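Trainee: Please take me through the terms used for this structure, with the grounds for each.

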Amino acid sequence: MPAQLPPLVIDSDSRPYWEGLAQGELRIQRCDACSRYVFYPRAICPHCSSGQLSWVTTTGKGTIYSYTVAHQAFGPFAAEVPFVIAVVELEESVRMMTRIVDAPHEQVHIGAAVHVTFATISEGMTLPYFQLTM
Ligand SMILES: [Zn+2]
């Protein structure tokens, strides 16, 4: 667990995301106009500029798009090395920066199937991490 993280800044665009995580759901936005998924949370669709975005709950499943193993880290993460930082592509075709947890590092590879797990980092802060799907 990180020793001390800066507090979350929750605004009206991201509130459903954080509330979903606290309830064990990984939510992203979907554009009502062009039907494409959007992540990170925002007010305007990056594909068609529509302001009509709705929240949906993802399957929580995806694949590793890219990853690295951190052997040195600073600040609140220094005591947690080594750990796997990854970009996961969800089934909904959006990518998110995350961690791969509970897996030997040598089993982590690009294209590996993963599923979300929810890590309570501190009071009021739950983050979406991912585990290998065996
Ligand atoms: Zn759109």
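Mentor: Two strands are said to pair if DSSP finds at least two bridges between them. A strand is itself a DSSP run (E, at least two residues), a helix is such a run of H or I (at least four residues), and both are numbered from the N terminus. This is a predicted model, in which local features need pLDDT of at least 70 and side-chain atom pairs count only at pLDDT 80 or more, whereas totals for chains, interfaces and linings use all residues. Residue numbers start from 1 along each chain as its sequence is written.

Trainee: How many helices and strands does the chain have?

Mentor: There are one helix and eight strands. From the N terminus on, their order is α-β-β-β-β-β-β-β-β.

Trainee: What makes S4 and S5 a pair?

Mentor: Eight bridges join S4 to S5, and at least two are required, so the two strands pair. They run antiparallel, and Tyr 67 has Ala 86 in S5 as its bridge partner. S4 (residues 61-70) is also joined to S7, by three bridges and again antiparallel; there, Thr 63 is partnered by Ala 113.

Trainee: How do S7 and S8 pair?

Mentor: S7 (residues 113-122) and S8 (residues 125-132) are antiparallel over eight bridges, with Val 114 opposite Leu 132. The two strands form a hairpin with two residues between them, and Gly 124 in the turn has a positive phi of about 85 degrees.

Trainee: Which strands are at the edge of the open sheet?

Mentor: The sheet has three strands in the order S2-S1-S3, paired antiparallel. S2 and S3 are its edge strands, since each pairs on one side only. S1 (residues 27-31) meets S3 over five bridges, and Ile 28 stands opposite Val 56.

Trainee: Which residues is Gln 52 in contact with?

Mentor: Contact requires C-beta atoms, placed from the backbone, within 7 Å. Leaving aside neighbours within four places in sequence, Gln 52 is in contact with Cys 31, Asp 32 and Ala 33. Among contacts in the chain between residues at least 6 apart in sequence, 50% join residues at least 24 apart.

Trainee: What makes a set of residues a nonpolar core?

Mentor: The members must be buried Ala, Val, Leu, Ile, Met, Phe, Trp, Tyr or Cys residues joined through C-beta atoms within 7 Å. The largest such core has 10 residues, including Leu 26, Ile 64, Tyr 129 and Phe 130. S5 (83-90), S7 and S8 each supply at least two of its residues, and S5 gives the most, with three. Phe 130 touches Ala 86, Val 88 and Ile 100, among others. Of the 134 residues of the chain, 16% count as buried.

Trainee: How do you know whether the radius of gyration agrees with that of a compact globule?

Mentor: The radius is taken over C-alpha atoms, and the globule rule is 2.2 Å times the number of residues to the power 0.38. For 134 residues a compact globule would be near 14 Å, and the chain has 15 Å, so the value agrees. Along its principal axes the C-alpha trace spans about 45 × 35 × 25 Å.

Technical notes. Buried ≥ 20, exposed ≤ 12 C-beta atoms within 10 Å, placed from the backbone. Contact = placed C-beta atoms within 7 Å.
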